[in-house]
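Please open the structure in your viewer and keep the selection tool at hand.

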Amino acid sequence: FAGIDLFVWRPPPSIDVMPSENQCMVEYHSRNIDAPSSSSGWKAKYVVVGGIIAKPHIINMYYNKKDYDKAVADTLMKKRKLSVKVKSWSLQGARLITPKLNFVHYEEKKEPWYYFVVSTSKGKSIKIA
């Protein structure tokens with residue numbers, strides 16, 4: 001695969017932007033760009049890019065929306081340390097490895113899972129389905 005460079009761009013105020021956050025299946029433990037061999041190789045995470053408590057080029061992953069809401073509350077109360085666990089990576093210098101969605105079909109799942117892969121500047125492969 002030839003990668004595509006990701007560029008972080010802050011649109012001017014004249015452009016309406018809809019923030020996106022949602023529960024996704026993710027895998028981020030390997031540098032490999034292939035999907036895990038079974039669905040148990042993925043983890044459910046609440047994924048937020050940018051948002052109220054992060055810069056626009058940061059991708060954060062929480063256990064669930066409740067943990068994200070707690071992190072927002074902790075930040076707004078100016079707590080020195082968040083009370084929830086957060087996985088965080090910078091997308092500056094990252095590359096989109098899969099310009100078209102890949103898919104994997106696990107035997108125990110009815111539908112295929114579509115995913116994309118982002119490679120961070122440090123070489124970490126983040127797969128999001």
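A polar contact is a pair of N or O atoms within 3.5 Å; within protein, one of the two must be able to donate a hydrogen and the other to accept it. Please keep in mind throughout that the model is predicted.

**First stop: Ser83 and its surroundings**

Select Ser83, which is located in the loop between H1 and E5. Its side chain and that of Asp74 are joined by a polar contact of 2.6 Å. Leaving aside residues up to four places away in sequence, Ser83 touches Lys70 and Asp74. Now display the C-alpha atoms of Ser83 and Ala71: 6.9 Å separates them, and the two residues are 12 residues apart along the chain. Is Ser83 buried, partly exposed or exposed? With a relative accessibility of 42%, Ser83 counts as partly exposed, because that class lies between the limits of 20% and 50%.

The side chains of Asp74 and Lys79 form a salt bridge, with a distance of 3.7 Å from N to O. The two partners may be compared by their accessibility: Asp74, at 2%, counts as buried, whereas Lys79, at 45%, counts as partly exposed.

Lys78 has a positive phi of about 60°, although Lys78 is not a glycine. The relative accessible area of Lys78 is 72%, so this residue is exposed.

Select helix H1, residues 65-76. Within H1, Asp69 and Lys65 lie four residues apart, about one turn of the helix. Asp69 and Lys65 form a salt bridge, and their closest N and O atoms are 2.9 Å apart. How accessible is Asp69? Asp69 has 37% relative accessibility and counts as partly exposed; Lys65 also has 37% and counts as partly exposed.

Select Lys127 and Glu27. Their side chains meet in a salt bridge of 2.9 Å, N to O. Lys127 belongs to strand E9 (residues 125-128) and Glu27 to strand E2 (residues 21-27), so the pair ties together parts that are 100 residues apart in sequence. Lys127 and Glu27 are both buried. In general, side chains of opposite charge can pair when their charged atoms come close. How many salt bridges does the structure contain? The count comes to three.

Select strand E4, residues 58-62. Why can E4 be described as largely enclosed by the rest of the structure? Five of its five residues are buried, so the strand as a whole is largely enclosed. In a regular strand, side chains alternate between the two faces of the sheet. Both faces of E4 are covered: one side carries Ile58, Asn60 and Tyr62, the other carries Ile59 and Met61, and all of these residues are buried.

Strand E3 (residues 43-49) pairs with E4 in the antiparallel sense over four bridges. To locate this pairing, select Val49, whose bridge partner in E4 is Ile59. Strand E5 (residues 87-90) also runs antiparallel to E4, and four bridges join the two. For this second pairing, select Asn60, whose bridge partner in E5 is Ser88.

Conventions
Residues are numbered from 1 along each chain as its sequence is written. This is a predicted model: local features need pLDDT of at least 70, side-chain atom pairs count only at pLDDT 80 or more; totals for chains, interfaces and linings use all residues. Side-chain values use heavy atoms; hydrogens and water are left out. Buried means under 20% relative accessible area, exposed over 50%, partly exposed in between (1.4 Å probe, protein chains only). Two strands pair if DSSP finds at least two bridges between them. A salt bridge is a side-chain nitrogen of Lys or Arg within 4 Å of a carboxyl oxygen of Asp or Glu. Contact means heavy atoms within 4.5 Å.
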